[in-house]
Amino acid sequence: MIDVGQLGRSAMGRIGTIIGVVALVILLFWSVVSVPAGHVAVITLFGKVSERMLSEGIHLINPLSAVHEMSVRTQEFKETASVPSSEGLMMTLDTSLLLRLDAKRAADVYQKIGLNYVTVVVEPMLRSAIRDITAKHSANALYTGGREEVQQKIQEMLFKELGDRGIFVENVLLRDVQLPAMLKTSIEQKQQAEQESLRMSFILQK
């Protein structure tokens with residue numbers, strides 16, 4: 001004679017086992033995190049930022065935690081700005097800023113600035129640095145040999161300001177300097193006259 005009660009208990013036991021296995025699989029699925037190459041992950045639990053950060057690869061975490069990926073690869077930020085020279089003339093500068101996030105300070109950047117740190121901090125600081133430095137140089141210097149000096153000073157200013165916030169500045173490049181047409185023509189004519197004068201002086205010495 002079949003014991004219906006025993007069969008029922010056995011079936012319930014199997015169902016309980018299946019539910020337990022499914023729950024365990026789901027728990028493991030939520031606990032496993034894969035961080036892609038060139039990124040780090042900041043962990044938060046109920047809004048609190050953890051000191052533990054995840055590097056590239058697969059990790060086990062608290063399933064209740066939230067993971068926020070941040071790139072540590074080199075990024076290029078381009079800026080086109082109208083800025084004054086020391087004479088008060090307006091010029092247009094095309095600038096490229098190469099930067100990357102300091103992986104060791106990713107949690108601090110996330111906590112104090114957020115994932116959009118480029119928009120919040122980098123963009124306004126780059127604009128401010130460009131205006132501060134170019135205002136101390138003449139238009140002629142920016143158009144000719146003084147460009148490298150301006151570029152270096154902008155880089156030094158940003159290296160300190162952004163470096164203190166966990167953002168490493170690799171390089172600043174002035175791609176193009178556009179002057180008012182009349183001023184540009186005047187500078188080119190002056191350079192041409194100086195070169196012609198040097199050439200004639202050399203001929204007379206010969």
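## Selected residues of a predicted model

Threonine 134 has its place in helix α3 (residues 117-134); helices (H or I, at least four residues) and strands (E, at least two) are DSSP runs, numbered from the N terminus. The structure is a predicted model, in which local features need pLDDT of at least 70 and side-chain atom pairs count only at pLDDT 80 or more, while totals for chains, interfaces and linings use all residues. Residues are numbered from 1 along each chain as its sequence is written, and side-chain values use heavy atoms, with hydrogens and water left out.

With a relative accessible area of 0%, threonine 134 is buried. Buried stands for under 20% relative accessible area, exposed for over 50%, and partly exposed for values in between (1.4 Å probe, protein chains only). Leaving aside residues up to four places away in sequence, threonine 134 touches Val83, Pro84, Ser85, Ser86, Leu93, Leu142 and Val150, where contact means heavy atoms within 4.5 Å. A polar atom of the threonine 134 side chain also lies 3.4 Å from the backbone oxygen of arginine 131.

Histidine 68 belongs to strand β5 (residues 66-71) and is buried, at 18% relative accessible area. Alanine 41 is 27 residues apart from histidine 68 in sequence, yet their C-alpha atoms are 5.3 Å apart in space. The side chains of histidine 68 and tyrosine 110 are joined by a polar contact of 3.3 Å. Such a contact is a pair of N or O atoms within 3.5 Å; within protein, one must be able to donate a hydrogen and the other to accept it, and residues adjacent in sequence count only if both atoms are side-chain atoms.

Phenylalanine 46 lies in the loop between β2 (39-45) and β3 (48-54). Although phenylalanine 46 is not a glycine, its phi is positive, at about 55 degrees.

One aromatic pair is counted under a rule that takes rings of Phe, Tyr and Trp (its six-membered ring) with centres within 6.5 Å; planes under 30 degrees apart count as stacked, over 60 as edge-to-face and the rest as tilted. The ring centres of phenylalanine 159 and phenylalanine 168 are 5.5 Å apart and their planes stand at 75 degrees, so the pair is edge-to-face.

The table gives the accessibility of further residues.

| Residue | Relative accessible area | Class |
|---|---|---|
| Leucine 60 | 57% | exposed |
| Phenylalanine 46 | 70% | exposed |
| Phenylalanine 159 | 42% | partly exposed |
| Phenylalanine 168 | 31% | partly exposed |

Leucine 60 is located in strand β4 (residues 57-60).
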